[in-house]
Structures are given as structure tokens and as C-alpha cells.
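Thank you all for coming.

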Amino acid sequence: MDLATFSQLLERLKGTDNDIRKEAETVFNQLDAEVRAVNLLTIIGSARPAHPNEVEIAILAAVLLRRLITSDFKTFYNKFTPDNQKLFRNQLLHLLTTDISREPTLKKKICDAVSEVTRHIYGLEEDDVAGLSWKELVEFVSNSLSGQEKHLKQCSLMILGDYPGLFGDEGRKKIIQLKNLIVAATNDDTFEIRQLAVTTLTQFIIENAAEEDEKRFIRNFQDCMQNIYRVAAESVKQGDADVLKNVIELVEECPKLFRQDIHAVFDFGTSTLQDTTLAEDVRQLAMELLVTLCESAPQIVRKQAESKIPAFVTAMLGLMTELEEDEEWLSADENKTEEEDSNSYVAESSIDRVACALGGKIMLRPLLSTCHQMLTHNDWRYRHAALMAISATGEGLTKSMEKHLDEIVKVLQSSMNDPHPRVRYAACNCFGQLSTDFAPGFQKKYKSVVIETLLGAVTKDPEPRVQSHAVAAMINFTEECDLKILSKFLDPILNVLYGALETKFKEFQVSGKKLVLENIITEIASLADKIEDKFAPYYEKFMPYLKFIAQNINQKEYRLLRGKAIECISLIGMCVPRERFFQDADEVMQMLLKTQTGEEEVAADDVSYSYYINAWGRICRILGKEFAKYLPVVMPPVMRAAEQKAEISVIDEDDVEAQEQDGDWTFMNLTGDKQNVGIKTAGLDEKADALDILRTYAQELKEEFVPYVEPVMKLMVETLGFFVHEGCRQNAAGAIPRLLEVAKTRGHPYLLEMWRFVYPKLMQSLSDEPDPDTLGDKLGCLAESVVVVGTDALTVQDIEEIFKALETDLEEYFTRAGERMKARNDDDYDEEMQENLDGDAKSDYYLVSRVSDVVHHLFKVYGAALCSRFETFLATLMKLTHAGRPFQELQWAICTFDSMLQYAGEKSATYKELFVPIFKAGLQHAEGPVRQASAFGWGLMAQHAGDALIAECMEAAPVLLDLINKADSRSEDNEGPTENCISAIVRFLKYRPKILENCGVKDAVMLHFLGWLPVYIDPDETPIVYEYFAELIEANNAAVVGQNYSNLPRIIAVIAEAVEKDALEEDEEGGQANAVFNRLIAIVRHVQQDQALFQTIVTSLSHDTQEALAKALNDPPRKVAAPLH
């Protein structure tokens, strides 16, 4: 294509006619990349400044050239000969010396293209291209920076700011000289150059921030900070925000550079934030500067800028008052909030971030002081802002704010009577947020006040927006409320909700207003999910309304209301016996199925879609295998949701801002160039839900799910690598063992074939996983899967691969732990920083626990045969036990040895020199979880290690008994360890009685045994304790039943309390806990034959305990699996 024709093609690309433009795009994209590159370069160079159309075409050509370089550089560049490569580069560079490049927009576009070529050239390997530097460009930038030509200086600053690594290793050697050239430009007499110079300087500093000697780095650049501040202040006065954006980036990357001038920075930021003559974006960026400084260097701010925080807090609160009197707010029938770019919204988000970053020691006092003044202000905006600020900061200031809750709750009660509805709304918001941030203590202390106040607002406030938010606050309160507390308020809460449901349903039928009704239904669903079978008495009251909405309200604008009603139906259906819900379940399922069979089709992006598929999952759990008949209809929509792909788009930096207006997209710059990766996040939560529902189907339906197991397993394995959403990966990992159980119903060969498909991909995903929590879930998936498949799940090579992966995971953990230890030794380390480090460590401890879990399950399957490989793993495992390390590491190391003791039998005694000293010390450890794990291990030694460790157990027995008998043995911190000490002694009695006999304490232990009960903390240990208890009762052991059965009241009380506390959790597979539970209830029934005696015993129990025991006596026996032969 000749140049004239190519120019005409660009004209058509520039046109406004869509058809012509699309046709031109097709022709343009079909041209070879090198043809496009050369012609675009020529078009730019041939444009004449005095001809506007040629300039416009040149700008378009520059944009297209830069995009071509970004996406297809290697494609065309490597087709050039070395001489032509050099010619292309230098022709592009030459454009900057021509008159046409002085046009501001074109200048920027050409510089962008130059930067992009530079980025590619410097990133290429030697076998890709002959030259790895651009000497002519380096020379151009050096000369232009030191020269007087302003146009060329601008160009060099643009290029160097975009690619600060231009000078490579040579630049690092001459860092001071280069810095001084850029700093000199910040003193230029032209503002545009000063502004560009600061942008370039910040990028140059960030580029060199990897300097290993931090002090030398700060020394090199500290002297140029004043230039940055000066130009930033100047740009603010001119209403330009670009320099502030660069300073914020510098704060993120190099916060310690701001230490020396931190007072001045806070003064500048606060005064700019408060200057109402400035544009909103400038004020918000000034606030963002200080927020970022608080987040990036909280310890520096706390130590050196505490005196500046009150003014900053006041300024943020002031920005929160900048609300409009929106007449539509009251009448809105949806939860309309402030625009995300409004001053009030950004300020509220900022004060939340500052609170989380700095903590309460320096933040709370100025916050409460200013809020106290604002709460008495005549303008409702100030009262509103104060309450919203308390809501926003509760999470970050939890420890400090807790002691002020009495005062805050009184303020909220008063504010619920404020004359302005938005203030009452804010009070509801605050009640809801405090219910989350301070749970469960908030519910325990303020239950009556909060419930009475919020229910009063539901019934008496004249404004639906306030009523709706009061219900929303109730949702937060009840979700986090202890069940015992909530049970006492069920009648008033549910009666108010029922009355409100009736009233609002009638209003809905007349006016179509749905907001309050939606929240009422959400709270009913939330309560049902929380209180479970205690909701049963209210089932008949609520179900008719919910069914009516679900079956009859199908207009598009009410899809969310209908979805919530369906969710509520499925949740309250789980609160009643299956038989009671069966009829309603079938009606609801038939109605839901209409949405998938064409009668009333619902699109996958419909707001109610996720409610439907989640309801199917719950109804499946209720109906069990009878749900299988619905699978042909429900599986396609669930699979559609689960198979959603992540929509990923690469767009230019210039287009990000416009695209970000769509809240469904998240953008990030991964490579440092002009392109950003956008991920469409809408629908990914629904994908995660659908994956979990598939897990539910597999778990509940077993063999009935076999027709679907292969495509679902393929999907789950693929999703292990779905790196744009952690929840999807976690749910996929959770589903795989359940799907293997389904495959197992088709026979072992089929199961093994499926496992061999899963295993290599699961192992690959373990090595690729970046998130510690998700890695822990994947390790859990591996552990459970091996147990499902059995002994031929793994070859010797597979076991070796797994242990190497575990060793790698632990070594990476040790590296992260070392970095946290280094941070603790930082000069700026403080208590608040410790809290942040503890948060990071929590995820890592979970990972260590899952490593231990994998070893546990491997021992469970392979027993003593695993010991040979476990021996080499011990070198890594023992690092967890070293002195001075976090106690959680020791806890999980002990748990790993526990697993060996439990399943390796007498072989485990081989390693006693390693674990016995740890277990001895563990019983005396300051931390309860370590004592608990150690106590468990001593019991396992007695049960499984034969006689080889009797002497060691005899040494441990007095220590175990001492821990049981301590005065504070039942305190909150000691209860778990104490109960495991009891279970250890039970194992001594049951499996190695000579331990206690040789110690001379067996008779004394038997006399005290009944007094140690009940136990209920550890569901793994309670069955063995209560099994032994039942054996003693059934054998009429005198020490337990007492002379003439005098201990019967105590025995019944122990059993009743165990039932009430669910000490023996029901096992769906019919395991040991079920059998023991049935034995205990049989003992109670035997005593019950003497009605007078039984009534005397029962009347001494608490009301809740009596209720629990009565229910257990009336329920059918639990399922017990047939014994294995």
C-alpha cells in the first residue's frame, strides 16, 4: 500500500461513520505490522504544522504507532535488518527535533512511542535483537537536559519520566550527576518544565529505590525533596493535580524520604484539603497524599507527626460535611449512597483508612473530640458526618474505642430522635457497623438498648429509608449475636418483623415500594440461618407471604425482591423437619424450574440468578437424594455460572479513567508500561457460589451425581488456576474431595483413573499459588483426597514430590517469618505495627496448620510405612520447634508428631529422642494451644506406642494430673488444655492402666474422674472420654456410680450438659460420636424408668439444659455405621 492510500485509510479511521471506520480498521489490521510501522512513522514526519488536518492525522498515527509498538514490537522489529532497526529508531527519535513535534499533543504521543520502543529494546534478550541499548537516545536525553532548548528538554523529561531506567547500569554509577540535571530542571522559568521535572524526578527516585543501602539512598535523594514540595505547592495553586499524583506514588514507594519534612507535608496537605476555592480533585489528592503517608509509614507518622493528626482529622471530617440536600434521597426505593467521587464519600473512606493505619492511640482522642462538637451543630450535615465517621473508624480503632462505647451508644439513642432523617439514618448505620466491629461483646452488653431502639425505628420512624436502614442494622446485630442472647429476644424481634412484613407487603401492593420489604425479608433469612430449629414455631407465619412473593412477583424491576424471598424460603426450610418443608420445597422448586425451562426464563446476569442457584443448593441439603430428580434442569444454569470466564482486557493508560467508571472492572499496571490489565470482576462472586453449590450436590447426592462428575471435576481442576479470584480457587479445592467420593461409588478403578487426572494438576497449582490462605486450602484438598482414594493414591515418587512441596512451603514461610522479624527490629517499630505483622502472620500460621494436616492424612493412609520419608522431613519440621519462634509453630510441629503417634504405632517410638523432650516442655508452656497439643500426644503415646514409652508416660502422668487439678484449670485459656489432659488420662486408664498403677494414683484418679466432667471443647477427644464414662456406668463402677447409686444426679447432669453443649457432634457418617451419644441417652432412659427420681434430678437442671435433654430423649437414635470387619 502506497503512502497516499495509507493516508486515506487513516482519514477513514478518524471518521465518525461507524461502518466506514470498522471497515478501515479491518483493512488496517490486515496489513503487515512492519508496513504499518514504517508508514505511520512516515505520516507523522510528513505532517505540516500549518495544516490542521495533517496534524490530526499525525496525532492518530502516533497513537496507532505506540499501540503497535506495545502489542507487536517483536513481530515487526525483528523483521528489520540491524541497519533498518537502527534507522527506525533514529527516525522516530528525529521526529522530536522537527517542527511538527512542537504541537503539544503530538509531542506527548511521539515521546510515548519513543519510551515504548526503549522499554522493549531494554527488555529484549540478546538473541532477540543485536543491540540492547539506544545510544542515540541516551545522548539525546543527556544533551537536552543540560541544554537550553525548552522543547527538547520537555521531550527528554517526558521520556526519562516514562522510562527512568534509560541510562542502565551506567546511570546508577552517575546517579548524582543525573539527579542534579533533573533537579536543575525543577528550577526552570517555565512551569510546564518544572512540572515535568518533578514527575521525572519522582520516577527516577523510585527507579533507584532498590538501593540495598537504605541510608545511602536517603542521603542521595533527601536534598531534592524541597524542590518536589515547592513545585507541588505551585501546581496546587494553578489547580493542576498531576504533580500531587506523582508525589503520592513516591510516598507509596519511598515513604522514609518524607520523614525529615513530615510536619511540613502534613501542613501542606491539611491546608490544601481545607481550601474550598480549589477543585475537588486537588483537595481529594491532598487528602490522599496524607492518607497514603499514614498507610505507607504509619510508625513514622505515629512517632513524629502525632501533633498534626488532630488538624488532619478535623479537615477530613469537614470534607465529610460537604453533602447536598438531596430531595430525591428520601423517596429513593433503593439504597442510594453518595457518588464514589464526591468529597463526603472519599473523606469517609479516607478517615477509615487512616484509622486502620494509625490505630487508636493517636487517632481516637481528636476524632471523638471533634465529633462531640459536630454532634451539637445546628447543620444536620455536621451531625451526620460525626456519626458516619464513628461508623467508619470502628474497625481501625476497636481496642481504643471500646471503652467509650457507653457514651457512643447514648449518643446513638439520642440521634435516633434527630429531626433530620439522614442523621437518624447515620445513627442506624453506626449501630450496624458497631455490631460488626465490636462483636460479640457489643451484643452482650447492649442487647436490650440496641434491639429496642432499632425495632422502635422499624415501627415508628416515618421515613422508609430510615426504617430500611434500621432493619439493615438489625441484620448486622443478629448475625454476630450469641444464640443464647438472641433466643431471649426472638419473640419481640420476629413479631415486629412479621408486623412490618404485613404492613410493607400491603404498601408494596399499592405503591410498588420495595426497599423496606427487601431488608425485612433479608433479616428474616439471616435470623433463620442463625437460630436454625428455634425458628420452627414461626414457620407457618412467614412462609405464606414469602411463597406469594416468590410465585407471583415476577416483574423485572422486582427480581431482587423475589430472589430474596426465595433465599428466605430455602433458609427457613432448613429450620424445620424435612417432612414439614417437603410440600413447600416441591412448590418452590417447580416455580424455580420455570425460570430454566422457557416459561419464565431468567438470564445469567439477572440480579436474582444467584439467589436461585443458592436456593437450589440449600434445598438439595434438605431433600438429600430426592433432589436428584431436579438435576437435569438445575445443572445447566449452575454450570453456566460456574464456567464463567474472567474477562480480561489490555487497555491504554489514557483510557483507564473512562473505563473505571464501570464499577465492574478493576485495573492494574503489571509491567510498568503504558498498558493496564483490566479484569471484569462482575459475576466472579456468582461463579464462586456456583462452584460451592456443585460441591454441595456432590456431597449430598453421591452416586446420583455420577452422570455429572467428569465435566464438573474437569471444571474444578481448571479453576485451581483461576488466579483472578481467590474464592473460586478455594471453592474448587473444597469440591475436589467430594467429587472423588462420588467417583468412588462407581468403583475403585474409576476413582483411581479420575485421581490420576487430578493429582498432577493439583500439585502444579500448589507450586503456582501466590496466596497463603488459598495454598492452605489446596493442601487441605490434597490431604482429604488421599484419604478418599486410599493406599494406591500415591506412588513412592508422588510421596517424595509431596514432601518436597511441603518443605518448599515451609522454607518460604520461614523467609516471610524472617522478614516480619526484621520489621520488628526496624527503628520505627511500634505496637500498632505489631498488630499489622500479626495479621500477616495469621495467614501463614493457617498454612503451617495445613502442612501438618497433609502429614496427618498421609500417616492416616500409609501408617508406619510413611516413616522412612518422614525422617528426612524432620530436619525442616524441627525448625518449627526452635527457641524464640512463635508458639503457633511449636503447636503445629507437636500436632505433626501427634499424627505420627496416632497412625505409625510402635514405630513412632523410634523418634522419641526428638519428640519426648518437646512434649514434656509443651505441658508447661505458657500458651494453651501448645499445652493442649502436648497433652493429646501423651494420650496417643499410651494408646498406640505399645510399652516402649511407658516410662516417659509415667513421668508425664503427675504433670497431667496437676494441670487438671489446678484452681484455674477451667478458665477460658486453660479449658482446652485441661480437657485434653483428661482425655490423655482416660487413654492411660483404658489402654495402659499400669502407667497409673505404677504411679500409685489409679484409685485416686477413679474417685475424681466424675468431678472432671463434662468435657466439650475438642470434638475429636470427647468421644473417647464419654465412651469410657459409659463403660464405667454400665459396669456399675463404684467410684463413678457411687454407693447405692448416689451419684446418679451428677451422672445425669453431666450427660445433660454434654448434650446441651453438643459435646458429641453428630457425625453424618455414623462414627464413634454417634454410638457414644446413643449409649449415654440409653443410660438416661434407663434412669427415666424411675419417674419420681428422674423428675427430681431434672428439676435441678437449668431450663436450657432440660430442653436439650428432652429433645435428645424424644429424637430417634443417631445413625451408627456398621463396624468394619
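Let me begin with a question: is Cys-356 buried, partly exposed or exposed? Before I answer, please keep in mind that what we are looking at is a predicted model. With a relative accessible area of 37%, Cys-356 is partly exposed, because that value lies between the 20% under which a residue is buried and the 50% over which a residue is exposed. Cys-981, by contrast, has a relative accessible area of 1% and is therefore buried.

When the whole structure is searched, zero disulfides are found. For Cys-356, which is in no disulfide, the nearest cysteine sulfur belongs to Cys-294 and is 12 Å away. Cys-981 is likewise in no disulfide, and the nearest cysteine sulfur there, that of Cys-953, is 13 Å away. A pair of sulfurs has to be within 2.5 Å to count as a disulfide.

Let me turn to the helices. Helix α32, residues 559-573, and helix α33, residues 578-594, have axes that come within 11 Å and cross at roughly 150°. The two helices are therefore roughly antiparallel, since angles over 145 degrees are counted that way. The crossing of α32 and α33 is left-handed.

Which residues of α32 and α33 make the contact? On the α32 side they are Arg-562, Ile-566, Ile-569 and Gly-573, while α33 provides Phe-581, Val-588, Met-591 and Leu-592. Sorted by class, this contact between α32 and α33 has six nonpolar residues, one polar and one charged.

Technical notes:
Residues numbered from 1 in each chain as written. Predicted model: local features only at pLDDT ≥ 70, side-chain atom pairs only at ≥ 80, totals over all residues. Heavy atoms only, no water. Buried < 20%, exposed > 50% of the residue type's maximum accessible area, 1.4 Å probe, protein only. Axes fitted to C-alpha atoms, helices over the stretch in contact; angles between N-to-C directions. Helix = DSSP H or I, 4+ residues; strand = E, 2+ residues; numbered from the N terminus. Parallel < 35°, antiparallel > 145°, perpendicular 65-115°, else oblique. Left-handed = near helix turned anticlockwise from the far one by under 90°. Contact = heavy atoms within 4.5 Å. Nonpolar A, V, L, I, M, F, W, Y, C, P; charged D, E, K, R; others polar.
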